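Reader: I have a structure to study and some questions about it. Can we go through them one at a time?

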Amino acid sequence: MLRRISMIALVALTLIGATEGIAWDWPWAKKKANTLTLTGSTTVLPVAQRAAEEYMKAHPKVNITVRGGGSGVGIAALIDGTTDIANASRPMKSKELKSARSKGINPVETVIARDGIAIIVHPSNPLEKISLQDLKAIYLGEINRWSDVGGKPEPIVTVSRDVASGTFETFKKLVLKGGKTRGDALMLASNKAVATTIAQTPGGIGYVGLGYLSPQVKPLQVEGVSPSPQTVSSGEYILARPLFMYTNGKPKGLAKELIDFILSPEGQKIVSDVGYVPVK
Amino acid sequence: MRKRLFSLGLTVVISTVVPAFAGVTQFEAYNWMRYTMKLEKENGAYATQESQWALKRGYLRWKHKFTERIDTRVNIDLFSSANGRLDRVETTGITDVDSTEHTVVKKVKPKKNGADIKLKYAYVKLGYLIPQGDITVGLQKFYFGTIYEWKYMTIEKSLEDVEKVCASADYGVSLGGYLPKGYGTWRFQVANGEGYKHTGGDVNTEPAYVADLRFIPIPGLTLGGSALHENVGTKPFEKRQWLSISPRFTSGPIDVWVNFLLGETGDKDEPTKKQGYMIYPTVKLSPNLEVLGRYDHWDPDIDREDDGHNRYIAGFNYHLCKREKGRPGVMIQVNWQGEKGEAEGSEMEHKFMAQLRWEWASPKFGSL
């Protein structure tokens, strides 16, 4: 019997050792004060990356890691304890809040910027504006050709964000009013992927955060209003939403320092530079 | 065999045809391969009563979300059956024409051919009428005590399950949802009461009623309470009335889960009073390694002396990899389990279990 137990214990320990060695990361070992991880929304990513770079320039001993993945991924990482800050372009859902609280995580949100969801097409598309109703009909699959909304007699290629995206959730809420995205839409994992695809697809339509607008894509007016920091700030542009950073409890330590930096005039200038709307 | 082929065929058809429709489809598979060694004392010395490998769980799960408000799930469990024994002894009593009674003992082959199949879940969750909630119809979780939240981080089942208080799934209707701001969950359920393995003539005319509340006053502290009531019906459940109080505390690497159970079952006028509790602490030593202990006490009849038993569990779980949202991917579980009756002269039964558990999910097909 003892031999069998020893054999099984040996196999188990070998497997463990083979994957991670014997130097485990003890959770109560003091976390390095000069490291920080941010995970989540690709909309928040440009702000987080620029802010991290600037902060690290000023504090060379600090190491900040910024990851994308989407709002859902960031929030799940916060609940799992694998990130210090969850970046999100939507508020947390009841299910996520319950899951967090039951695991002893107390999510506290900080609004770091405001953003507009820009509707983008290929620069060769002659269309200048679109109504909310037509936009909804395109994404629900009820309109399939540009000529039905005043464009060329060509098919529409619909590009969307995937379900882990906060931008997708906000778009669904504000435009589709809970409806289903058409089955043939391309579901992409990041704002960048959407912008790149539209820049290469003459018949394409997609949506991105303001930070991803560039000369390679053409933003459409929605209900007669162009997407811009000014129209988002004034409330004229209706496809607008706040951008969040979630921490476990009130921000403290390096997380607090970074968030304070983003909310400072210097940090809010970064927000403005990447195309979003400052909140301070 | 035909049944099995039909189930397999149905699964293949569902998995190939359904993704073509609107909505989001995902497939999952769980496999739990377990080694069990059981030692009991015989003639003053411990002897091996069981030493075997078996596939204890082989879930095939199909999840399809038609819309944000209509979510469905079907689970089929393929698992080793007949405990791997090649034959068993069956004793039957017969009566001759002259009224003489005989006992016939014979060796028979097992009915199961090494594996079996069962339906575990088949429900639709409708997100209508209840804000932040749903109405769930079909074969679903049984929302009592800790059983519906049990993730098998000890290889042993939850206290309700192992002591046969209730089954982990049942046919019925439930409605529930989230308390505001993540303060917890609530649910009411009306179910057959006999559990997911029973249908047809096994099911009595009286449904079981369940109410469950999980309240999280502060992050990390969950106060759980459930009540189960089933009126008089046919055997084996003539009366069932159970109460569960299950507080849980989680802070950093430490998780302590407690469950108190108090119940009355059996004859309507003279029910048997039962009670038990579980204390289950876990400490996470690293993101991938957790050590755990568990102590169960069970008293099947409060009015009788020394009929209870105690269960002790110690072990560890090591995650070779996790999948999305921290759920198990590949995990090694090792548990020692001891069980001892309260009666004088009872000897401890030892069980050593090692399990390799691998669970995967396909990408999500389609869109909402």
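Reader: Which residues of chain B form a nonpolar patch on the surface, and what is their accessible area together?

Author: This is a predicted model, where local features need pLDDT of at least 70, side-chain atom pairs count only at pLDDT 80 or more, and totals for chains, interfaces and linings use all residues. Residues are numbered from 1 along each chain as its sequence is written, chains are lettered from A and ligands numbered from 1 in the order in which they are written, and side-chain values use heavy atoms, with hydrogens and water left out. A patch takes residues with over 30% relative accessible area and no salt bridge, joining like charges within 9 Å and nonpolar side chains (Val, Leu, Ile, Met, Phe, Trp, Tyr) within 5 Å. Here B:Leu243, B:Ile245, B:Phe260, B:Leu262 and B:Ile302 form the patch, with an accessible area (Shrake-Rupley, 1.4 Å probe, only the protein chains shown as cover) together of about 420 Å².

Reader: Which elements give two or more residues to the nonpolar patch?

Author: Strands are DSSP runs of E, at least two residues, and helices are runs of H or I, at least four, numbered from the N terminus. Both elements belong to chain B: strand S12 (240-251) and strand S13 (254-265).

Reader: Is B:Ile245 buried, partly exposed or exposed?

Author: B:Ile245 sits in strand S12 of chain B. Buried means under 20% relative accessible area, exposed over 50%, and partly exposed in between (1.4 Å probe, protein chains only). B:Ile245 has 43%, so the class is partly exposed.

Reader: How many salt bridges does the whole structure hold?

Author: Side chains of opposite charge can pair when their charged atoms come close. A salt bridge needs a side-chain nitrogen of Lys or Arg within 4 Å of a carboxyl oxygen of Asp or Glu. Over all chains, the search finds 27.

Reader: How many residues apart in sequence are A:Arg50 and A:Asp273?

Author: Their side chains meet in a salt bridge, 3.7 Å from N to O. A:Arg50 lies in helix H2 (residues 45-58) of chain A and A:Asp273 in helix H10 (residues 265-273) of chain A. So the pair ties together parts whose separation in residues is 223.

Reader: In the salt bridge of B:Glu264 and B:Lys239, which residue is buried?

Author: The two side chains meet at 3.4 Å, N to O. B:Glu264 has a relative accessible area of 22%, so this residue is partly exposed. At 15%, the buried residue is B:Lys239.
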